[in-house]
Amino acid sequence: MTTPQLTLYNTLTRSKAAFTPIDASNVRMYVCGPTVYDFAHIGNARPVIVFDLLFRLLRHVYGVEHVTYARNITDVDDKINARALRDFPDLPLNEAIRRVTEKTENQFLSDAAALGALEPTIQPRATDNIVQMQALIGDLIANNHAYNAAGEVLFDVKSMPDYGQLSGRNLEDNLAGARIAVEAHKKNPADFVLWKQSSETEPGWDSPWGRGRPGWHIECSAMSERYLGQTFDIHGGGLDLIFPHHENEIAQSRCAHGTHAMANVWMHNGFLQVEGQKMSKSLGNFVTINDLLETGAMGGRAWIGDVLRLAMLMTHYREPIDFSLKRLEEAEAKLRDWQRAARGAQVAEGDEPDPSIVKELADDLNFHRASVALDFIAKKANRDEGNAKHCLAATLRFLGFGLDSLLTSDDGWEEPPHIATAIADRLAALNAKDFAKADAIRTELAEQGITLMDYKDEAGERRTKWESKP
């Protein structure tokens, strides 16, 4: 069957258009990843899930070997410095920073896997690309787009006539309310930092402009160029990154290289609220991905990654989402219905998803219409029509969902005895404080594709759920 034409909404043009890659044998996508100073909150989960779905779709259309997905890890950040000083005051700063970022990066990667996300092709760290950032800054200075003032290297926004295209912001409007006196060393208040000085208590690298560290925006320009080229196909991230981060990325990359574009398509997922309110620690509704996976932070119980994934996808990626207990319950019920209908089906590597699902997703990731089509396939599977059961199972796997993560004996499904035994042995080990044995059992199951999630029931007893990824 002919693969449908992909159409994607481009923030830069504010329109939806057919997607044509620069090179169909090397489709390239870059997505801004986490700043690893703390555990990722559920708002961070949305781009992880949205762009994983796009990654899967691109791989299906162009071939697994012909798509490169880069998602960066930011490990140079003033918040990281502060946390390192707070949590590890007795260690040298650089070692303390490494301790903080290793822990939070590993947690992020674990959370992303639990959400059903494939590993990106490349996950570059900012600290591994300092040389590339310095080279880019040098090019900007040589091209008269940057200057050195008061120990900082700054980008000169007025050197770029069409600065502001992505956000639609007028530069003069931005300057009108600026506090010029605060940063008198700038030519214009909107000029932004490319390189800044580091004190003795801050991480720093030697450079032609003195010991210092990069500004936030230069990181992604340098890493995307290194791994995807000066101009690539798709750049993604949250709506909150349009300005100033993505606007400044475009300015840096285009002015350094003299190119017409940094990326041809810019995609942004919408904002997230929790139970109708903006998520914030002051409101007491700040929830991490890990909180939802392992504690009773929402609804007094833990939720499996499959449910969180579906709850995110139920709203179109460009629309705002209200993440609520009701939404989680709806997603769980929907996913259980699909898994029941696919019960017993066996899928193998290379089994194709239903073409109708691919067609709907090809229209700017329209998951709502895809889920309606999935409901139709599930009804056919329940009636044992043709190969509907197998088709449903293959499609669920394509979408990043497990096939039995919610099924119980009530669904006519029996838990594999070896898993039940392993979980019981592990719980016994935890209760006996034999953590080494408990960790060994978890690791052994993980190698089999089984993820364990601990939680406490209403009586406060320790319990364990599990899910598998095909």
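Glu360 is buried, with a relative accessible area of 18%, where buried stands for under 20% relative accessible area, exposed for over 50% and partly exposed for values in between (1.4 Å probe, protein chains only). The model is predicted, so local features need pLDDT of at least 70 and side-chain atom pairs count only at pLDDT 80 or more, while totals for chains, interfaces and linings use all residues. Residues are numbered from 1 along each chain as its sequence is written, and side-chain values use heavy atoms, with hydrogens and water left out.

Glu360 lies in helix H11 (residues 355–361); helices (H or I, at least four residues) and strands (E, at least two) are DSSP runs, numbered from the N terminus. The side chains of Glu360 and Arg369 are joined by a polar contact of 2.7 Å. Such a contact is a pair of N or O atoms within 3.5 Å; within protein, one must be able to donate a hydrogen and the other to accept it, and residues adjacent in sequence count only if both atoms are side-chain atoms. Asp364 is placed in the loop between H11 and helix H12 (367–382). Asp364 is buried, at 1% relative accessibility. The C-alpha atoms of Asp364 and Lys16 are 7.8 Å apart in space, although 348 residues separate the two in sequence.

Strand S6 (residues 152–155) pairs with strands on both sides. It is joined to strand S5 (residues 146–149) by 4 bridges, in the antiparallel sense, and to strand S7 (residues 192–197) by 3 bridges, also antiparallel. Two strands pair if DSSP finds at least two bridges between them. Towards S7, Leu154 is partnered by Val193, and Val153 stands opposite Trp195. In a regular strand the side chains alternate between the two faces of the sheet. Both faces of S6 are covered, with Glu152 and Leu154 buried on one side and Val153 and Phe155 buried on the other. S7 in turn pairs with strand S8 (residues 212–214), antiparallel and over 3 bridges, and Trp195 has Pro214 as its bridge partner there.

The hairpin of S5 and S6 has 2 residues between the strands, and Ala150 takes a positive phi near 50 degrees in it. Ala150 is exposed, with a relative accessible area of 63%. Arg14 is placed in the loop between strand S1 (7–10) and strand S2 (15–18) and is partly exposed, with a relative accessible area of 42%. Most residues other than glycine have a negative phi, and most peptide bonds are trans.

A further sheet is open and has 3 strands in the order S12-S11-S13, with mixed pairing. Its edge strands are strand S12 (277–278) and strand S13 (321–323), each of which pairs on one side only. Strand S11 (residues 272–274) and S12 run antiparallel and are joined by 2 bridges, with Lys278 of S12 as the bridge partner of Gln273.

Helix H7 (residues 242–257) has 16 residues, which should span 22 Å at 1.5 Å a residue; its end C-alpha atoms are 21 Å apart, in agreement. The expected span is 1.5 Å times one less than the number of residues. Of the 16 residues of H7, 14 are buried. Pro244 lies in H7, and the peptide bond from Phe243 to Pro244 is cis, with omega near 5 degrees. Just after H7, Gly258 takes a positive phi of about 70 degrees.

Helix H1 has 21 residues and reaches 30 Å from its first C-alpha to its last, close to the 30 Å expected. H1 is mostly covered, with 17 of its 21 residues buried. Gly63 follows H1 and has a positive phi, near 105 degrees.

A search of the whole structure gives 1 cavity of 30 Å³ or more. A cavity is a set of points on a 1 Å grid over the protein atoms alone where a 1.4 Å probe fits but cannot get out, and lining residues have an atom within 4 Å of a point. About 60 Å³ of space lies in the largest cavity, a volume being the space filled by probe spheres set on the points, which are joined across faces, edges and corners. The lining consists of Val50, Leu53, Met312, Leu313, Thr315, His316, Tyr317, Leu365 and Phe367. Helix H1 (42–62) and helix H9 (305–313) are the elements that give two or more residues to this lining.

How values were computed:
On a 1 Å grid over the protein atoms alone, a cavity is a set of points where a 1.4 Å probe fits but cannot get out, and a pocket is an open set with protein on both sides within 12 Å along at least five of seven lines; lining residues have an atom within 4 Å of a point.
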